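Hi,

Here is the structure I promised to pass on. Have a look at it first, then read on for what turned up.

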Amino acid sequence: MLDSFLLRKEETGRRRFTLAHEAAHWLLERHSPMEAAFRMEYDCEREYSMKELEQFCNMRETQTDRLGAVLLMPKYTVCSALRRYAGMDRLPVYGSTVFANTEKIAMQRMADSIGASWTALFYRLKELKLLEYRDIQEYLSMNLKLGVVPFV
């Protein structure tokens, strides 16, 4: 049963990802029974509950997240949306997570057209190596019109 907040209209992308994730659980359980290992993404500045920490160390949750993303956002669909809404084959990202406004708008349009959340699309683009990493200084000088800003 879905959490009530996922039933809200504005949570369509998260709801679809949750359903894809649960479908992936069903598929993986029948074809590859297994547990243990480690999840890839961890934010050292965030406080996690014990349940969240257990999930980070659970290979099955990592596999279901990835398979759910593949079911929801196949490579062909993501590449097609990228060309359609951003007009390019790879999306520029500054540092590791900063996007210029035009790219943010393109990503939101892509996510809406695919029926995914912005965050799920970001991770899928990353996994498919469809992000073009650029120096954060370029963002600061071009998008904020600050010129070169030295790091202190």
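Predicted model: local features only at pLDDT ≥ 70, side-chain atom pairs only at ≥ 80, totals over all residues.

A word on terms before the tour: helices (H or I, at least four residues) and strands (E, at least two) are DSSP runs, numbered from the N terminus.

Residues are numbered from 1 along each chain as its sequence is written, and side-chain values use heavy atoms, with hydrogens and water left out.

**The chain as a whole**

Of the 152 residues, 35% count as buried (under 20% relative accessible area; exposed is over 50%, and partly exposed is in between, with a 1.4 Å probe and protein chains only). The chain exposes about 10,200 Å², of which carbon and sulfur atoms supply 57% (Shrake-Rupley method, 1.4 Å probe; for residues, only the protein chains shown count as cover). Taking contacts (heavy atoms within 4.5 Å) with a separation of 6 or more, 61% are between residues 24 or more positions apart.

**Helix 4**

Helix 4 covers residues 75-86, and its 12 residues should span 16 Å at 1.5 Å a residue (the expected span is 1.5 Å times one less than the number of residues). Its end C-alpha atoms are 16 Å apart, which agrees. Which of its residues are buried? They are Val-78, Cys-79, Ala-81, Leu-82 and Ala-86. These cover an arc of only 165° around the axis, so they sit on the same side of helix 4 (the arc is that of the directions from the helix axis to the C-beta atoms). The face turned away from that buried side carries the exposed residues Tyr-76 and Arg-84. Cover for the buried residues of helix 4 includes strand 1 (91-94), helix 5 (101-114) and helix 6. Just after helix 4, Gly-87 takes a positive phi of about 65°.

**The core**

The largest nonpolar core has 26 residues, of which Met-73, Val-78, Leu-91, Leu-121 and Leu-125 touch the most other members. (A nonpolar core is a set of buried Ala, Val, Leu, Ile, Met, Phe, Trp, Tyr and Cys residues joined through side-chain atoms within 4.5 Å.) Helix 1 (12-31), helix 3 (59-72), helix 4, strand 1, helix 5 and helix 6 each supply at least two residues of this core. Not counting residues up to four places away in sequence, the residues that Leu-91 touches include Leu-82, Ala-86, Met-107 and Leu-125.

In helix 6 (residues 118-127), Ala-120, Leu-121, Phe-122, Arg-124 and Leu-125 are buried. Arg-124 counts as buried because its relative accessibility is 5%. Leaving aside neighbours within four places in sequence, Arg-124 is in contact with Ala-69, Val-70, Met-73, Pro-74, Lys-75 and Val-78. Just after helix 6, Lys-129 takes a positive phi of about 60°.

Ser-117 lies in the loop between helix 5 and helix 6 and is buried, with a relative accessible area of 17%. Ser-117 and Thr-12 are 105 residues apart in sequence and 7.8 Å apart in space, C-alpha to C-alpha. Beyond four places in sequence, Ser-117 touches Gly-13, Arg-14 and Ala-111.

Cheers
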